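Open your viewer, have the sequence at hand, and get ready to click along. Each stop on this tour tells you what to select and what you will find there.

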Amino acid sequence: MPHIALPEGVPGPRGPMLFRPEAAEPMSEMAEVLMRGPSTLTLAERELIGTYVSAENDCRYCQTIHGAVAAHYLGGGEEKEALVHQIKCNPAAAPISAKLKALLNIAGHVQLGGKHVTAEDIAQARAEGATDLEIHDTVLIAANFCMMNRYVDGLATWTPDDPDFYRQRAASLAQHGYAGSASRT
Amino acid sequence: MAHITLPEGLPGITGPFAFRPETAKPMRALAEFLLRGPNTLSSADREIIATYTSSQNDCHFCQTSHGAAAAHHLGTESELPVNFALIAEIKRDFESAPISPKLKALLNIAGHVQQGGKRVTTEDVACARGEGATDTEIHDTVLIAAAFCMYNRYVDGLATWAPLEQDAYIPMGARMAHQGYAAAPTPVQEPVNA
């Protein structure tokens with residue numbers, strides 16, 4: 001049961017976002033710009049960074065929904081879902097680009113705390129072709145999920161169990177985006 | 001030196017804000033609503049929650065600038081030394097600081113959010129409610145603490161530059177407290193011939 005009285009039957013951050021729409025508006029806008037705005041990082045790469053950080057923060061709702069969105073962008077199906085699972089468990093061994101591995105390494109250090117990001121982490125990402133803007137966005141996506149994960153779990157929001165719920169929701173988020181997503185069923 | 005090339009001479013979060021205005025806009029709007037929007041929690045209390053969380057995250061820029069904003073909310077310029085001392089005491093050990101039991105209960109929640117969302121217990125929330133906290137106040141405390149877990153990581157994860165000494169933060173804190181978090185206006189060019 002959530003720690004405060006939230007709208008019933010609304011999963012994850014959508015409950016508190018409906019409870020406090022004034023805060024939800026900039027939070028949704030930020031997600032839309034970071035995760036779906038113009039970027040040289042692909043939509044799938046950005047969702048994978050969000051998924052990985054949410055897994056490190058042990059936030060079941062966020063890692064499951066954003067993992068499903070990432071799998072959707074990658075083409076969907078069990079094979080892509082397995083890839084997302086592998087990236088959460090061991091990104092270094094996953095069949096992804098060296099650049100994405102270096103960005104996930106930065107994201108993992110942001111999750112531990114800002115000061116854990118080292119000059120070597122950055123140099124490694126740059127050597128794999130990452131730009132300053134891509135490094136910036138990786139740090140901010142990771143930091144943003146450290147907020148969202150704490151928002152979701154710090155209020156003990158409802159987390160559905162049915163994997164199909166996440167697949168359907170992911171398809172809707174991929175189609176319509178994050179702006180106004182809290183009130184969209 | 002910052003990890004990426006940021007505009008020079010801008011302290012803390014203002015460097016990456018200038019580097020990426022598209023994300024700065026909602027981040028500024030969120031801070032403005034959470035710390036200065038209509039609320040039954042005073043702006044001083046909300047800045048104290050932000051300061052405490054930033055201190056637990058060991059973020060020098062955020063804890064010093066928001067500590068200065070809290071001190072400005074708490075009183076006039078002449079009362080700043082007393083209020084800076086109070087902020088320092090809250091950061092060190094809020095349980096023994098001369099603040100309300102309600103704010104102590106909210107800081108306890110914020111401290112648990114900082115460690116991770118699942119650290120917040122039903123007892124933490126019941127305790128805050130017992131001291132008179134409403135659901136909205138508990139919600140806002142959780143979100144302020146969570147948001148500062150973002151801002152702190154943004155500032156330190158990019159290794160931004162920030163002044164060390166507290167005095168440098170006095171005018172910054174006054175601006176944050178009284179003018180807020182919307183983007184700073186472009187400096188007005190003084191007319192050359194008077």
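Start by selecting chain B. Among its contacts between residues at least 6 apart in sequence, 69% join residues at least 24 apart; two residues are in contact if their C-beta atoms, placed from the backbone, lie within 7 Å. This is a predicted model, in which local features need a pLDDT of at least 70, side-chain atom pairs count only at pLDDT 80 or more, and totals for chains, interfaces and linings use all residues. Residues are numbered from 1 along each chain as its sequence is written, while chains are lettered from A and ligands numbered from 1 in the order in which they are written.

**Stop 1: chain B as a whole**

Colour chain B by confidence. The average pLDDT (the predictor's confidence in each residue, from 0 to 100) is 95 for chain B, and 94% of the residues score at least 70. Where pLDDT is low, the predicted coordinates should not be read in detail. For the complex, the predictor gives an ipTM of 0.98 and a pTM of 0.96.

Now switch to a cartoon view. Chain B has nine helices and zero strands; helices (H or I, at least four residues) and strands (E, at least two) are DSSP runs, numbered from the N terminus. The radius of gyration of chain B is 17 Å, close to the 16 Å that the globule rule gives for 194 residues, so chain B is as compact as a globular protein of that length. That radius is taken over C-alpha atoms, and the globule rule is 2.2 Å times the number of residues to the power 0.38. Along the principal axes, the C-alpha atoms of chain B fill a box of roughly 65 × 40 × 30 Å.

How many of the 194 residues of chain B count as buried? The share is 51%. A residue is buried if 20 or more other C-beta atoms lie within 10 Å of its own, exposed if 12 or fewer, and partly exposed in between, with C-beta atoms placed from the backbone.

**Stop 2: where the chains meet**

Show both chains together. The contact takes 42 residues from chain B and 42 residues from chain A. On the side of chain B that touches chain A, the elements giving two or more residues are α1 (14–19), α2 (21–36), α7 (122–130) and α8 (135–157) of chain B. Which of them gives the most? It is α8(B), with 16 residues. By class, this side of chain B has 24 nonpolar, eleven polar and seven charged residues. Here Ala, Val, Leu, Ile, Met, Phe, Trp, Tyr, Cys and Pro count as nonpolar, Asp, Glu, Lys and Arg as charged, and the others, Gly among them, as polar.

Stay with α8(B) and select it alone. Of its 23 residues, 21 are buried, so α8(B) is largely enclosed by the rest of the structure. Just after α8(B), look for Ala159(B), which takes a positive phi of about 50 degrees.

**Stop 3: over to chain A**

Chain A also gives you helices to count: nine of them, and zero strands. Buried residues make up 52% of its 185 residues. The C-alpha trace of chain A spans about 50 × 35 × 30 Å along its principal axes.

Select α8(A). It has 23 residues and reaches 32 Å from its first C-alpha to its last, close to the 33 Å expected at 1.5 Å a residue; the expected span is 1.5 Å times one less than the number of residues. Then click Ala156(A), which follows α8(A) and has a positive phi, near 55 degrees.

**Stop 4**

Select residues 119–127 of chain A, which form α7(A). The buried residues there are Asp121(A), Ile122(A) and Ala125(A). They cover an arc of only 95 degrees around the axis, which puts them on the same side of α7(A); the arc is that of the directions from the helix axis to the C-beta atoms. An α-helix has 3.6 residues a turn, so residues three or four places apart point the same way.

What do the buried residues of α7(A) pack against? Their partners are α6 (98–112) and α8 (132–154) of chain A. After α7(A) comes Gly129(A), with a positive phi near 100 degrees.

**Last stop: Val10(A)**

Select Val10(A), in the segment before α1 (14–19) of chain A. Val10(A) is partly exposed, with 19 other C-beta atoms within 10 Å. Not counting residues up to four places away in sequence, Val10(A) touches Gly15(A) and Leu18(A). Finish by selecting Pro160(A) too: it is 150 residues from Val10(A) along the chain, yet their C-alpha atoms are separated by 9.4 Å.
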